[in-house]
Amino acid sequence: MLCAGVIHGDLSEFNILLAADGPVIIDLPQAVDAAGNNHAARMLMRDVNNLRTYFGRYAPDLLATKYGPEMWSLYARGLLSVDTALTGLYEPASGTVDLSAVLREIEDARLEESARLQRMG
C-alpha cells in the first residue's frame, strides 16, 4: 500500500482477510495519503507495530524487526517498490543537527506569519 502512497491508518489482524490468491486488506475509511498527511509516518509505524505484535505471538523473531522504519525510509527516499526485498533491519542515520539552521527556519516562519497577520488586520 505504501508503494501506492497509501497508509491504512487502522491496520490490524482483523483487517486482513486471506483469499485464495493472497491477503486482502479491508476497512479503509481512515486511509491517508502518505505524502500529504503530516501523521503518515506515525500511522504507518502504528500499523506495522500492530501486525508485528500480533504475528510475533506466533513467530517471536518478528518482534525484533523494524519493518516500519525501513519501509518509511525507503519510501521517503523514493526507493520503495513492490519488488523491494525488505530485511526488517533499520539503523537511523546519525549525524549532527545544524541547530542554527533550524532556528533560522523557525524565525523565518514566525516573521512570515506575523507579516500575514498584519496584512489581514
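# Notebook: a look through the predicted model

**Entry 1. Cys3**

I started with Cys3, which sits in the segment before β1. The model is a predicted one, and I read everything below with that in mind. I then listed what Cys3 touches beyond four places in sequence, and found Leu80, Ser81 and Val82. I also looked up Thr84. Cys3 and Thr84 are 81 residues apart in sequence, and their C-alpha atoms are 9.8 Å apart in space.

**Entry 2. Ser12**

Next I went to the loop between β1 (6–7) and β2 (16–19), where Ser12 is found. Ser12 has 14% relative accessibility. The limit for buried is under 20%, so Ser12 counts as buried. Which residues does Ser12 contact, leaving aside neighbours within four places in sequence? I found Asn50 and Leu51.

**Entry 3. The nonpolar core**

I asked how many residues the largest nonpolar core has. The count is 11. The members are Leu2, Ile7, Val32, Ala34, Ala40, Met43, Leu44, Val48, Met71, Leu74 and Leu80. The largest share, four residues, comes from α1.

Beyond four places in sequence, Met71 touches Leu2, Leu44, Val48, Leu80 and Leu86.

**Entry 4. Helix α2**

I stayed with α2, which spans 67–76. Which residues of α2 are buried? I noted Gly68, Glu70, Met71, Ser73 and Leu74. The buried residues of α2 pack against α1. After α2 comes Gly78. I checked the backbone of Gly78 and found a positive phi, near 75 degrees.

**Entry 5. Aromatic pairs**

I searched the whole structure for aromatic pairs and got three. Tyr54 and Phe55 make an edge-to-face pair. Their ring centres are 5.0 Å apart, with 80 degrees between the planes. Edge-to-face needs planes over 60 degrees apart, so the label holds for this pair. Phe55 is partly exposed, at 36% relative accessibility.

Trp72 and Tyr75 make a tilted pair. Here the centres are 5.1 Å apart and the planes 45 degrees apart. Why are Trp72 and Tyr75 separated by about one helical turn? They are three residues apart in helix α2. Tyr75 comes out partly exposed, at 21% relative accessibility. The boundary for buried is under 20%, so Tyr75 does not count as buried.

I also looked for clusters. Tyr54, Phe55 and Tyr58 form one aromatic cluster.

**Entry 6. Salt bridges**

Then I turned to charges. Side chains of opposite charge can pair when their charged atoms come close. How many salt bridges are there? The count comes to two.

I looked up Glu107 and Arg110, whose side chains meet in a salt bridge at 2.6 Å, N to O. Both residues lie in helix α3, three residues apart, about one turn of the helix. Glu107 is partly exposed, with a relative accessible area of 32%. Arg110 is also partly exposed, with 46%.

I then looked up Glu113 and Arg116. Glu113 forms a salt bridge with Arg116, and the closest N and O atoms are 2.6 Å apart. Glu113 and Arg116 are separated by about one helical turn because they are three residues apart in helix α3. Glu113 is partly exposed, at 34% relative accessibility. Arg116 is partly exposed too, at 32%.

**Entry 7. A nonpolar surface patch**

I finished on the surface. Which residues form a nonpolar patch there? I noted Val97, Leu99, Val102, Leu103 and Ile106. Together they have about 490 Å² of accessible area.

I looked at Val97 in more detail. Val97 lies in the loop between α2 and α3 (99–120). Its relative accessible area is 65%. The cut-off for exposed is over 50%, so Val97 counts as exposed.

Definitions and conventions: Residues are numbered from 1 along each chain as its sequence is written. This is a predicted model: local features need pLDDT of at least 70, side-chain atom pairs count only at pLDDT 80 or more; totals for chains, interfaces and linings use all residues. Side-chain values use heavy atoms; hydrogens and water are left out. Patches are made of residues with over 30% relative accessible area and no salt bridge: like charges are joined within 9 Å, nonpolar side chains (Val, Leu, Ile, Met, Phe, Trp, Tyr) within 5 Å. Accessible areas come from the Shrake-Rupley method with a 1.4 Å probe; for residues, only the protein chains shown count as cover. A salt bridge is a side-chain nitrogen of Lys or Arg within 4 Å of a carboxyl oxygen of Asp or Glu. Helices (H or I, at least four residues) and strands (E, at least two) are DSSP runs, numbered from the N terminus. Buried means under 20% relative accessible area, exposed over 50%, partly exposed in between (1.4 Å probe, protein chains only). Rings of Phe, Tyr and Trp (its six-membered ring) pair if their centres lie within 6.5 Å; planes under 30 degrees apart count as stacked, over 60 as edge-to-face and the rest as tilted. Contact means heavy atoms within 4.5 Å. A nonpolar core is a set of buried Ala, Val, Leu, Ile, Met, Phe, Trp, Tyr and Cys residues joined through side-chain atoms within 4.5 Å.
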